[in-house]
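Subject: Handing over the structure

Hello,

Here is the structure I promised to pass on. Please open it first, then read my notes below.

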Amino acid sequence: MRRLIAGRSAPVALIVAPAGYGKTALLAEWDQHDARPFAWHALDEADNDPAHLIRSLAAMLSELVAVPDAAPRSVESRGGRSIASGPVPLRRALRKCGRPYVLVLDDAHKLTAPEPIELLGALIEDLGEGSQIALASRTELGLPVARLRAHRKLMEIGVSDLVMKRPDAALLTRLSGVDLDPGQVRELVARTEGWPAGLYLAALAAKEGPDPEHALEDFAGDCRHVADYLREEFLDGMRPADVSFLVRSSVLDRLSGQLCDHLLERHDSARVLKRLSRLNLLLEPLDRTDTEYRYHRLLAEMLRGELRHREPDDERELHGRASDWYAEHGEPELAIDHAIAAGDVERAGELLWERAPEFISYGRVQTVRDWLGRFNDDQLAAAPALALTAACSHLALGELTPAEHWADVAASGLGARSPRHHGHELAGAVLLVRAVSAAHGIVGMGKDAAQAYELQPDGSWWRAVACLLQGASAQLAGRREDARAWLEEGARRGASSAPGIQVLCQAQLVLLAIERDDWVGAEVQAARAKAQVERISQGDCPLSALVYGVSADVLARFGRVEEAQRDIEEAARLLGRLSDFAPWYGIECRIVVARAALRLSDSARARQLLAEAQWSLRQVADASVLREWFDETSVQLKLAAGRPGSDGWSLTTAELRVLQFLPTHLSFPEIASRLYVSANTVKTHARAVYRKLDASSRGEAVLRAREAGLLDRYGRQASSEAGAL
């Protein structure tokens with residue numbers, strides 16, 4: 001309304017929208033708010049005869065100005081020739097009208113012959129100052145719109161101006177006798193896309209049904225009221241071939257000439273789409289080049305209902321063709337959607353298997369879960385690729401038990417028959433899912449991962465997973481150089497195909513750097529891992545606990561207390577959600593976070609984390625390094641608890657390693673040789689031990705370490721498993 005009033009200076013007001021958008025109601029409201037006189041005429045097919053149209057216009061204009069009787073005859077006498085100059089008496093009468101007026105021509109889309117359009121163009125030129133012609137049409141007219149627009153003689157109103165927003169929709173439904181809460185109004189506006197007729201029909205359906213709320217939840221384009229209206233207003237009178245095109249192409253959310261040609265096995269879809277879009281059949285272009293289109297949601301739902309009714313056997317075939325086209329053109333999500341809609345479980349499984357790792361690596365696990373939710377358990381079990389995708393999605397959320405279940409289901413399926421594609425990859429993935437739990441020990445985890453590595457193609461996401469598990473196995477078994485090689489390869493592979501695995505490899509590499517006392521390298525690697533986690537939206541993934549844990553440990557080592565504390569809290573939060581995952585990973589995370597907590601003098605948190613880790617240690621008996629880390633951190637906790645007057649700092653891992661050699665007769669160079677570090681490094685650590693134990697010599701340091709329980713009476717580091725906590 002405001003635009004119509006503001007556009008009074010334009011000679012032509014053009015309102016173009018499909019049926020049901022309230023064009024006539026808008027014009028009537030304008031009439032009530034505008035002081036100028038309005039003359040109305042609803043056009044029909046008879047007005048395609050120029051003589052008939054002139055008679056209609058003369059009768060219409062007689063309300064505003066005296067029109068000579070000769071006007072109609074002056075047109076008829078032209079014998080059907082061009083009427084570009086129009087009937088002279090009528091045009092003269094328009095020019096002589098002494099006051100501004102508005103001529104309203106409703107249903108202008110019914111003018112299809114060129115002569116009436118030409119006549120309207122001529123009449124526009126004769127409008128007096130301040131007068132307007134208002135044309136309401138369902139389709140674009142043959143008027144020189146571009147020229148009128150360029151000369152600022154045109155004010156246009158389209159669908160985007162006529163859709164109802166939430167306040168309008170709430171008022172309409174309330175006036176229709178249905179009261180909705182704000183959430184229901186919001187959902188209804190989204191479902192109808194603000195189409196006024198759709199909103200009214202929804203209110204009507206709700207009012208007539210026994211349960212209005214349930215009726216609104218089920219409201220769609222295939223509901224009786226909507227379907228009948230759409231058929232009458234849009235499909236009735238169309239050529240059967242066009243109706244068939246609309247119905248069969250309705251399986252698509254986006255339509256293009258190429259895609260429809262493939263889907264419908266024809267070669268003229270681009271021209272058909274362009275022509276149909278000009279008819280304003282709730283089919284709108286998505287760009288300015290007439291390349292892609294879409295149906296209004298309700299129309300699409302109605303057409304799909306028609307397809308199921310008319311051609312039930314063809315619906316699945318059409319979805320299958322669409323899936324193939326999207327897969328070939330690099331749109332995997334749409335390919336998956338259509339494969340599922342086609343009921344092709346095996347094809348859907350293959351597509352999901354190929355793309356799920358990418359989605360999961362970039363924090364889109366829920367997308368995968370939503371796809372999987374469209375299958376029942378029997379369908380998942382029937383397709384090994386689907387079952388393994390389910391396993392992968394559970395694994396990404398730290399849910400080991402269901403992941404192992406679906407891996408076992410997939411293994412049974414693979415044993416019963418070979419899938420069309422990815423047979424070796426699927427078998428390797430089963431091994432990897434089973435390897436994660438380390439049910440056969442840390443060494444067994446590495447062996448399974450090595451076997452799975454060989455079964456995967458070179459660019460596979462699963463090879464990065466295999467590298468991670470082999471690296472972690474070697475690391476926790478004490479083969480640190482082997483671990484570094486595998487983890488670096490895993491990080492390198494993950495950078496391009498599996499960033500979620502890349503960050504876990506980087507976190508393990510941070511631990512290796514800390515063991516080498518390379519704190520600068522650890523800081524760089526930890527910062528990269530945390531930045532990558534946040535970039536790929538994996539910050540809420542439970543498996544990211546280790547990334548935040550190693551970051552906290554490094555930050556605390558460099559005295560960045562506030563940042564370290566934030567990462568400790570984040571790691572602890574994620575660990576709280578990691579209740580059903582591999583014991584070795586949970587132990588590793590808890591020890592690292594406990595170590596960071598100790599650096600910040602949070603002994604209570606460290607004690608709790610170590611107690612949780614100790615409970616799980618028996619499940620990974622061959623993880624010797626985990627035992628070392630646990631013992632060292634427990635000793636640090638005991639030292640911190642026994643020195644209440646200290647600054648709270650404990651011996652580092654490197655300092656504890658030097659401490660264990662102090663009771664021996666080995667020199668610093670000999671200790672350095674045993675630890676694979678330099679003599680200067682050993683000397684630096686020894687001095688730090690003296691300072692922290694308040695000792696002035698090597699012997700005094702050994703004595704105080706024994707008193708503090710850091711060394712037993714034989715000089716060995718005290719094990720804390722039986723009572724340090």
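This is a predicted model: local features need pLDDT of at least 70, side-chain atom pairs count only at pLDDT 80 or more; totals for chains, interfaces and linings use all residues.

**What I found**

Strands β7 and β8 (residues 292–295) run antiparallel and are joined by 3 bridges.

The loop between β7 and β8 holds Asp290. This residue is not a glycine, yet its phi is positive, near 55°. Most residues other than glycine have a negative phi. Asp290 has 21% relative accessibility, so it counts as partly exposed; the cut-off for buried is under 20%.

Now move to β3 (residues 102–106). The strand is mostly covered, with 5 of its 5 residues buried. Which residues cover which side? Val102, Val104 and Asp106 lie on one side, and Leu103 and Leu105 lie on the other. All of them are buried, so both faces of β3 are covered.

- Strand β2 (residues 38–42) runs parallel to β3, and 5 bridges join them. Trp40 has Val104 in β3 as its bridge partner.
- Strand β4 (residues 132–137) also pairs with β3 in the parallel sense, over 4 bridges. Here Leu105 has Leu135 in β4 as its bridge partner.

Next comes Asp107. It lies in the loop between β3 and α6 (114–125). Asp107 is not a glycine, but its phi is positive, at about 55°. Is it buried, partly exposed or exposed? At 24% relative accessibility, Asp107 counts as partly exposed.

**Two surface patches**

The first topic is charge. Asp181, Asp211, Glu213, Glu217 and Asp218 gather on the surface in a patch of negative charge. Take Asp218 as a way in. It is placed in the loop between α12 (212–217) and α13 (224–235). Its relative accessibility is 43%, so Asp218 counts as partly exposed.

The other patch is nonpolar. Which residues make it? Val520, Val524 and Phe558 do, and the patch covers about 250 Å² of surface. Val520 is found in helix α30 (residues 519–535). With 57% relative accessibility, Val520 counts as exposed, because the cut-off for exposed is over 50%.

**A buried aspartate**

One last residue is worth a look. Asp567 lies in helix α32 (residues 561–576). Is Asp567 buried or exposed? It is buried, because its relative accessible area is 5% and buried means under 20%. How far is Asp567 from Val593 in sequence and in space? The two are 26 residues apart in sequence. In space they are 9.1 Å apart, C-alpha to C-alpha.

**Where to start**

Begin with β3 and its buried residues. Then view the loop with Asp107 and the loop with Asp290. Finish with the negative patch and the nonpolar patch.

Best wishes

Definitions and conventions:
Residues are numbered from 1 along each chain as its sequence is written. Side-chain values use heavy atoms; hydrogens and water are left out. Patches are made of residues with over 30% relative accessible area and no salt bridge: like charges are joined within 9 Å, nonpolar side chains (Val, Leu, Ile, Met, Phe, Trp, Tyr) within 5 Å. Accessible areas come from the Shrake-Rupley method with a 1.4 Å probe; for residues, only the protein chains shown count as cover. A salt bridge is a side-chain nitrogen of Lys or Arg within 4 Å of a carboxyl oxygen of Asp or Glu. Lys and Arg count as positive and Asp and Glu as negative; His and the chain ends are not counted. The place of a charge is taken as NZ of Lys, CZ of Arg, CG of Asp or CD of Glu. Buried means under 20% relative accessible area, exposed over 50%, partly exposed in between (1.4 Å probe, protein chains only). Two strands pair if DSSP finds at least two bridges between them.
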